[in-house]
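Visitor: I am new to this structure and would like to learn how to read it with care. Could you take me through it one feature at a time?

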Amino acid sequence: MPAAQPWLTHPDPLTRQVARAYAQGAFLMDNGDGVQFYSVDDRAIVPLTEEGGLHVARRLRRDLPHFTYRVDTNFDAVLAGCRGLLPGSPPRDGEWISDDLTAIYGHLHDTGLAHSFEAYRDGELAGGVLGLALGGAFIAESKFHRVTNGSKAALIGLAGHLHARGFTLLDAQIQNPHLQTLGVYEIGADDYARRLQTALSTDATLD
């Protein structure tokens with residue numbers, strides 16, 4: 001898997017450890033017992049195109065032209081929004097992104113593994129997605145909004161951005177009713193492993 005290989009052999013020990021765990025289907029969380037790697041039997045997959053199943057409701061479609069997008073220009077603010085700590089973002093029910101995990105994400109952003117995809121409206125940060133990119137896979141860790149449709153616009157914008165740059169997998173990890181409205185669907189562990197391995201060997205970049 002040449003595309004993801006630089007991360008799997010990265011000189012930074014933490015970056016290398018995280019990349020190898022994610023390449024096996026794990027992800028980071030802190031459920032109150034410290035930062036640990038977790039996995040789930042079913043994974044939530046975001047279609048990259050409407051032809052592939054991405055659902056954009058009529059009212060949301062009318063709203064999307066009001067948003068613009070950027071990558072990695074406001075990582076700290078997106079991270080704070082995903083924690084419910086950014087002014088205007090709703091508080092979170094439980095804080096699985098702890099201070100320790102926040103520091104890890106910041107470190108992974110510094111080494112280039114963690115990224116923020118940002119949606120702006122009228123020049124202000126309206127929503128965003130926090131995630132890790134490995135080869136042609138983007139594993140979305142969390143998202144947030146500060147205005148109506150901010151997180152949906154960010155996720156739809158991210159899907160289009162990834163598709164245009166050759167990514168094959170947008171993993172939202174755990175399904176929820178909000179994601180379902182966008183056409184996000186679940187696949188089993190074996191199917192996910194196959195798709196992930198294909199994505200890991202895909203040469204794609206966010207830039």
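Guide: Let us begin with the sheet, in which 7 strands lie in the order β4-β5-β6-β7-β8-β3-β9, forming an open sheet of mixed pairing. Strands here are DSSP runs of E of at least two residues, helices are runs of H or I of at least four, both numbered from the N terminus, and two strands pair if DSSP finds at least two bridges between them. The edge strands, each pairing on one side only, are β4 (67–71) and β9 (185–187). Bear in mind that this is a predicted model, in which local features need pLDDT of at least 70 and side-chain atom pairs count only at pLDDT 80 or more, while totals for chains, interfaces and linings use all residues. Residues are numbered from 1 along each chain as its sequence is written, and side-chain values use heavy atoms, with hydrogens and water left out.

Visitor: How many bridges join strand β3 to strand β8?

Guide: Strand β3 (residues 43–45) and strand β8 (residues 169–173) run antiparallel and are joined by 2 bridges; Ala 44, for instance, has Gln 173 in β8 as its bridge partner.

Visitor: Which strands does helix α2 touch where it packs on the sheet?

Guide: Contact means heavy atoms within 4.5 Å, and angles, from 0 to 180 degrees, are taken between the N-to-C directions of axes, which are lines fitted to C-alpha atoms, for helices over the stretch in contact. Helix α2 (residues 13–23) touches β6 (124–134) and β7 (137–145), and its direction makes about 85° with that of β6. Helix α4 (residues 75–82) also packs on the sheet, where it touches β5 (114–121), β6 and β7, at about 95° to the direction of β6.

Visitor: Which residues of α8 are buried, and why do they line one face of the helix?

Guide: The general idea is that an α-helix has 3.6 residues a turn, so residues three or four places apart point the same way. A residue is buried under 20% relative accessible area, exposed over 50% and partly exposed in between, with a 1.4 Å probe and protein chains only. In α8 the buried residues are Tyr 192, Leu 196, Ala 199 and Leu 200. Seen down the axis of α8, the buried residues fall within an arc of 95°, so they line one face, the arc being that of the directions from the helix axis to the C-beta atoms. Asp 190 and Arg 194, on the other side of α8, are exposed, whereas the cover over the buried residues of α8 includes α2, β3, β6, β7, β8 and β9.

Visitor: What salt bridge does Arg 43 form?

Guide: A salt bridge is a side-chain nitrogen of Lys or Arg within 4 Å of a carboxyl oxygen of Asp or Glu, and by this rule the count comes to 5. Arg 43 forms one with Asp 171, their closest N and O atoms being 2.5 Å apart. That pair links distant parts of the chain, since Arg 43 lies in strand β3 and Asp 171 in strand β8, 128 residues apart, and both Arg 43 and Asp 171 are buried.

Visitor: By how much of a helical turn are Asp 191 and Arg 195 separated?

Guide: Asp 191 and Arg 195 are 4 residues apart in helix α8, which means a separation of about one helical turn. They form a salt bridge whose closest N and O atoms are 3.3 Å apart. Asp 191 counts as partly exposed at 24% relative accessibility, and Arg 195 is partly exposed with a relative accessible area of 29%.
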